[in-house]
Amino acid sequence: MPQESLASAGRQDGRYPRPQLLRASWADLSGPWRFSFDPEDRGVTEGWAKDPTAIAGEIIVPFPPESSASGIGDTRYHRVLWYRRTVAAAEVAEAGHGAGRTLLLHFGAVDYRAEVWIDGERVGAHEGGHTPFTVVVPEGAAQGFDLVVRAEDDPLDLAQPRGKQDWEEHRHVVWYDRTSGIWQPVWLESVPVRHVRALAWRTDPDAAAVRLDVELDGHPAPGTRISVRIARGDETVAAQVSEIDEPRASLTLSLPVLRNGQARDAWLWSPEHPLLLDAVVELLPPHGEPDRIGSYLGIRSVGTGGGSVLVNDRPTAVRAVLSQGYWPQSHLAAPDADALRAEAQLIKDLGFTSVRVHQKIEDPRFLYWADRLGLLVWAEMPSAYEFSGASVERLVREWTAVVRRDASHPSIVVWVPLNESWGVDRIAKAPRERELARTLYHLTKALDDTRLVVSNDGWEHTRSDLFTVHDYENDAAVLRARYGTPAALREALDGISPNGRRMLVGSAEEQTDTAARPVLLSEFGGVSVDHAADGSWGYRMVGSEDALEAHLATLFAAIGDCPPLAGWCYTQLTDTGQETNGLVDENRVPKIPLDRLRRMIAGGETLPAAAPVFHA
């Protein structure tokens, strides 16, 4: 594939599983696999990985066995799952494999713990249900092989980050049927023996520069170079070639186009102008085959000032919706790649500028569409439900991997490691739990100080860049009284939240500049039409779709009358299981005509008929 087309190849339809580290060839292993539950956990001792007859059922990967899309649809407790697939020589060839190369097997996510065997030999393991991992296919198996995966997802282990996956056997209140085992793409990729393992972009508009951090799979040979080219269409914006002598390297590229202050905005990514620049990164050894990678980046800054959230130093409207990324037929797994684009487009078409992805680490392909469409994203870690040494260790390890995986997406503007004190429910009284919230804030800043961090969304904040409140009051007059004036907002922060929790539990030092920090109502609404026969549930029930429209109009008008708020997030985008308080139903059909919803949400702001797409 020509170098010039590598950066954009495969990204036009958003199907490539890792859109910011793209190679020319790959093979998707989705589809039918053999599958078995292992209720007595006998598979390891009985040698199922080497026994071709031991795993006899069938599942459609990457859908979890609890979902109907998997072909199984069994929502009962199942702690141990086994998968088997024969990978054919033709699939190895499709991945671009040949002599003198290394074949990689990638897993987007397996919940929660995974072990992998190839031709009966254990080749890798991973813990963390929301983050990717890779194993190297042994050289002798590279022309086709037998692949076995054992997944363990204990539904009763409350120290395991699980988000909204229910610990009870049947879903209840706001927790849903589980997503166990493989739930994101599995795919093959062939690479040169020495290759790029990871890369990350860090943009600095004020310095007119961008930094690229590159991680290799091992030490490069003497004389190895890294070549980087950033372009907008046919125009080269920056280029650099540097010698590399360590497995990790950082390159800083100057962006002269940002030095002209009058033309600077035309080069920045924003919700109104989501410009993405293409990039090609090449690892060039003195001898042997180079590793060529396509990527992209968006140049923008995020901060706060004057009580507002700033994007590129300008106040931005935070009109957000809470999305749980859950489908009735496939649970946390998207039904297909097109559904991820449709979800991002729906959010934009409804008039929202932002999405709070709730208790889920979203598929990178969704983040790609958020990048392209100009949708601001709040990324939130799925919670554990106990405080213990195990939960702390697991949370810190997986959250670190999440931030590192997604730090290059310009759409992500807020990191949220904790929600509503889940897993730290005694944070107001327990010093160790406060220290965890504090640690997660500072850890996140150490990994990525270019974004905002909310230590504990909803209440009981220690250190946070934004103060966020969850309030399901559905009386418009009460909302205006609570948040309509600076004095009322100050009183709300200094007191007890509407849910009976203190808003601030940080130290005196952490609260010295609270008046300057933006305040957002990051959950409100939750209105559902009462269809008693189907077990519908919401924070406020109304009798009909007409009543729903009338009530929503009063709520959005009330929030619009609260200028001290820097923004808000409505609960929620879609009906999810028994929680039927979506603006659209579980099949993404609006409950009110979209144009009328859009007018309510935008509060009179003139919006384009559809989200623009800017892509060089």
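Select strand β15, residues 225-232, and then β16. The two strands pair in the antiparallel sense over 8 bridges. Strands here are DSSP runs of E, at least two residues long; helices are runs of H or I, at least four residues long; both are numbered from the N terminus. Two strands count as paired if DSSP finds at least two bridges between them. This is a predicted model, in which local features need pLDDT of at least 70 and side-chain atom pairs count only at pLDDT 80 or more, while totals for chains, interfaces and linings use all residues. Residues are numbered from 1 along each chain as its sequence is written, and side-chain values use heavy atoms, with hydrogens and water left out.

Pick Arg229 and find Ala239, its bridge partner in β16. Now widen the selection to the sheet. It is open, with 4 strands in the order β16-β15-β18-β19 and antiparallel pairing. At the edges lie β16 (235-243) and β19 (291-297), each pairing on one side only. From one strand to the next the twist averages 15 degrees; axes are lines fitted to C-alpha atoms, for helices over the stretch in contact, and angles run from 0 to 180 degrees between N-to-C directions.

**Trp201**

Go to strand β13, residues 196-204, and select Trp201. Is Trp201 buried or exposed? Trp201 is buried, because its relative accessible area is 6%. The cut-offs are under 20% for buried, over 50% for exposed and partly exposed in between, with a 1.4 Å probe and protein chains only.

Show what surrounds Trp201. Leaving out residues up to four places away in sequence, Trp201 touches a list of residues including Val228, Ile230, Tyr296, Leu297 and Ala407. Contact means heavy atoms within 4.5 Å. The side chains of Trp201 and Ser295 are joined by a polar contact of 2.9 Å. Such a contact is a pair of N or O atoms within 3.5 Å; within protein, one must be able to donate a hydrogen and the other to accept it, and residues adjacent in sequence count only if both atoms are side-chain atoms.

Next, select β20, β21 and β22. These 3 strands form an open sheet in that order, with antiparallel pairing. The edge strands, each pairing on one side only, are β20 (302-305) and β22. Strands β20 and β21 pair over 4 bridges. Gly303 has Leu310 in β21 as its bridge partner.

Stop at Asn312, in the loop between β21 (308-311) and β22 (314-315). Asn312 counts as buried because its relative accessibility is 8%. Beyond neighbours within four places in sequence, Asn312 contacts Leu268, Trp269, Ser270, Ile299, Arg300 and Ser301.

**Aromatic rings**

Colour Phe, Tyr and Trp. Rings (for Trp, the six-membered ring) pair if their centres lie within 6.5 Å; planes under 30 degrees apart are stacked, over 60 edge-to-face, and the rest tilted. The count comes to 26 aromatic pairs.

Zoom to Trp82 and Trp117, a stacked pair at 5.4 Å centre to centre, with 25 degrees between the planes. Trp82 is in strand β4 (80-87) and Trp117 in strand β7 (113-118), so the pair ties together parts 35 residues apart in sequence. Both are buried.

Move to Trp167 and Tyr385. Their ring centres are 5.1 Å apart and their planes stand at 50 degrees, so this pair is tilted. Trp167 sits in the loop between β10 and β11, Tyr385 in the loop between β25 and α5, 218 residues apart. Trp167 counts as partly exposed because its relative accessibility is 23%; Tyr385, at 17%, counts as buried.

Then select Phe352, Phe524, Phe556, Trp568 and Tyr570, which ring pairs link into a cluster.

Select α10, residues 594-602. Its buried residues are Leu597, Arg598, Met600, Ile601 and Ala602. Their cover includes β23, α3, α9 (545-560) and β32 (567-571). Just after α10, Gly603 takes a positive phi of about 60 degrees.

Finish at Asp336, in the loop between β23 (318-323) and α3 (337-349). At 38% relative accessibility, Asp336 counts as partly exposed. Its side chain reaches the backbone nitrogen of Asp338 at 3.1 Å.
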